Amino acid sequence: MVERDGPEKRGRLSRPLVLDAAVALVDREGLGALTMRRLAAELGVESMALYRYTPGKEALLDGLTEAYFTEINARLRTSAAGGGPREPEWRMELRRIAQAFAAVAHSHPEILPLVATRPLAVPVSRRPAPALELTEHILSVLGRAGFDDATTLTIYRTFVAWNLGCLLVDKRQVVDNPEEPDPALRLGLHRLSATEYPRLRALVPRFADFDDQAEMLAGLDSLLNGMPEPPLDAFYGGGGS
């Protein structure tokens, strides 16, 4: 039975607490389990108590993307950049951001599709503040590296598209039988005709056993290698903040 939310109970609620509970519920049971009533039960309050912090289900879904980007930014504040001794600092920082994004995606795979779609459905000015904070950081890193505005936006769009695309493809590898040790059986690819799909069947081990982060970073490096370089005097400067 849900405990009624008296003043002392309401006093313990906050927007971060509500969003944390929503994230935990979705991680555990999927997006389909998320309702205002169910979330209220998780927090031990009545549904109406939540409307002070999120006005409804749609706003709650937007709140999940807010929590997602908040976690990325928190990771970036506590992680260290890494790279080769002669690697430009802007590349090191983009790799660090990609790794943080991937780590949060692995922790919250059910939220990733929302991150890929919901912010794009509203004007930039109405996107969650943590998402804008990350965008500003990336643009600042590229600007300090010496790129002009047009190249900065090209690299930014390429970077975001590659990261989201890789992660969405990785998370779409739905397992058919998690208890099955054979890769083909585990992914259900044995159901495909070997005559009609010979290459797909031949690549089954790669579908089931690969280093997703290494492949994501390798692809990112390939994309960045095709981008124009900033002025030479910016090669060693202008990294992340």
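A polar contact is a pair of N or O atoms within 3.5 Å; within protein, one atom must be able to donate a hydrogen and the other to accept it, and residues adjacent in sequence count only if both atoms are side-chain atoms.

The model shown here is predicted, with local features needing pLDDT of at least 70 and side-chain atom pairs counting only at pLDDT 80 or more, while totals for chains, interfaces and linings use all residues. Residues are numbered from 1 along each chain as its sequence is written, and side-chain values use heavy atoms, leaving out hydrogens and water.

**View 1. Welcome to a protein with 12 helices and 0 strands.** Helices (H or I, at least four residues) and strands (E, at least two) are DSSP runs, numbered from the N terminus. Of the 241 residues, 38% count as buried; buried means under 20% relative accessible area, exposed means over 50%, and partly exposed lies in between (1.4 Å probe, protein chains only). Contact means heavy atoms within 4.5 Å. Among contacts with a separation of 6 or more, 69% are between residues 24 or more positions apart.

**View 2. Helix α4 runs from residue 57 to residue 78.** The expected span of a helix is 1.5 Å times one less than its number of residues. For the 22 residues of α4 this should give 32 Å, and the end C-alpha atoms are 32 Å apart, which agrees. The buried residues of α4 include Leu-60, Leu-61, Leu-64, Thr-65, Tyr-68, Phe-69 and Ile-72. Their packing partners are found in α2 (15-29), α3 (36-43), α5 (89-107), α6 (112-117) and α7 (129-145), against which the buried residues of α4 pack.

**View 3. Here is Thr-65, a residue of helix α4.** Is Thr-65 buried or exposed? With 1% relative accessibility, Thr-65 counts as buried. A polar atom of the Thr-65 side chain lies 2.6 Å from the backbone oxygen of Asp-62. Beyond neighbours within four places in sequence, Thr-65 is in contact with Leu-114, Val-115, Arg-118 and Pro-128.

**View 4. Aromatic rings come together in 4 pairs in this structure.** Rings of Phe, Tyr and Trp (its six-membered ring) pair if their centres lie within 6.5 Å; planes under 30 degrees apart count as stacked, over 60 as edge-to-face and the rest as tilted. One of the pairs joins Tyr-68 and Phe-69, edge-to-face, with 6.0 Å from centre to centre and 70 degrees between the planes. Both Tyr-68 and Phe-69 are buried. Another pair is that of Trp-90 and Phe-147: the ring centres are 4.8 Å apart and the planes stand at 90 degrees, so this pair is edge-to-face. This pair links distant parts of the chain, since Trp-90 is in helix α5 and Phe-147 is in the loop between α7 and α8 (149-171), 57 residues apart. Trp-90 is buried, at 0% relative accessible area, and Phe-147 counts as buried at 7% relative accessibility. Look too for the aromatic cluster formed by Tyr-68, Phe-69 and Phe-101.

**View 5. The largest nonpolar core holds 57 residues.** A nonpolar core is a set of buried Ala, Val, Leu, Ile, Met, Phe, Trp, Tyr and Cys residues joined through side-chain atoms within 4.5 Å. Which residues touch the most other members? They are Leu-64, Tyr-68, Ile-72, Trp-90, Leu-94 and Phe-101. Two or more residues each come from α2, α3, α4, α5, α6, α7, α8 and α12, and α5 gives the most, with 9 residues. Leaving out residues up to four places away in sequence, Leu-64 touches Ala-22, Val-23, Val-26, Leu-31, Leu-34, Ile-111 and Leu-114.

**View 6. Val-104 lies in helix α5.** Val-104 is buried, with a relative accessible area of 0%. The C-alpha atoms of Val-104 and Tyr-68 are separated by 7.1 Å, although these residues are 36 residues apart along the chain. Besides Tyr-68, Val-104 touches Glu-71, Ile-72 and Arg-75, not counting residues up to four places away in sequence.

**View 7. Helix α12 spans residues 212-225.** This helix of 14 residues reaches 20 Å from its first C-alpha to its last, close to the 20 Å expected. Its buried residues are Met-216, Leu-217, Gly-219, Leu-220 and Leu-224. They cover an arc of only 160 degrees around the axis, which puts them on the same side of α12; the arc is that of the directions from the helix axis to the C-beta atoms.

**View 8. Arg-91 is part of helix α5.** At 9% relative accessibility, Arg-91 counts as buried. A polar atom of its side chain lies 3.2 Å from the backbone oxygen of Leu-224. Arg-91 also touches Asp-221, Asn-225 and Glu-229, again not counting residues up to four places away in sequence.
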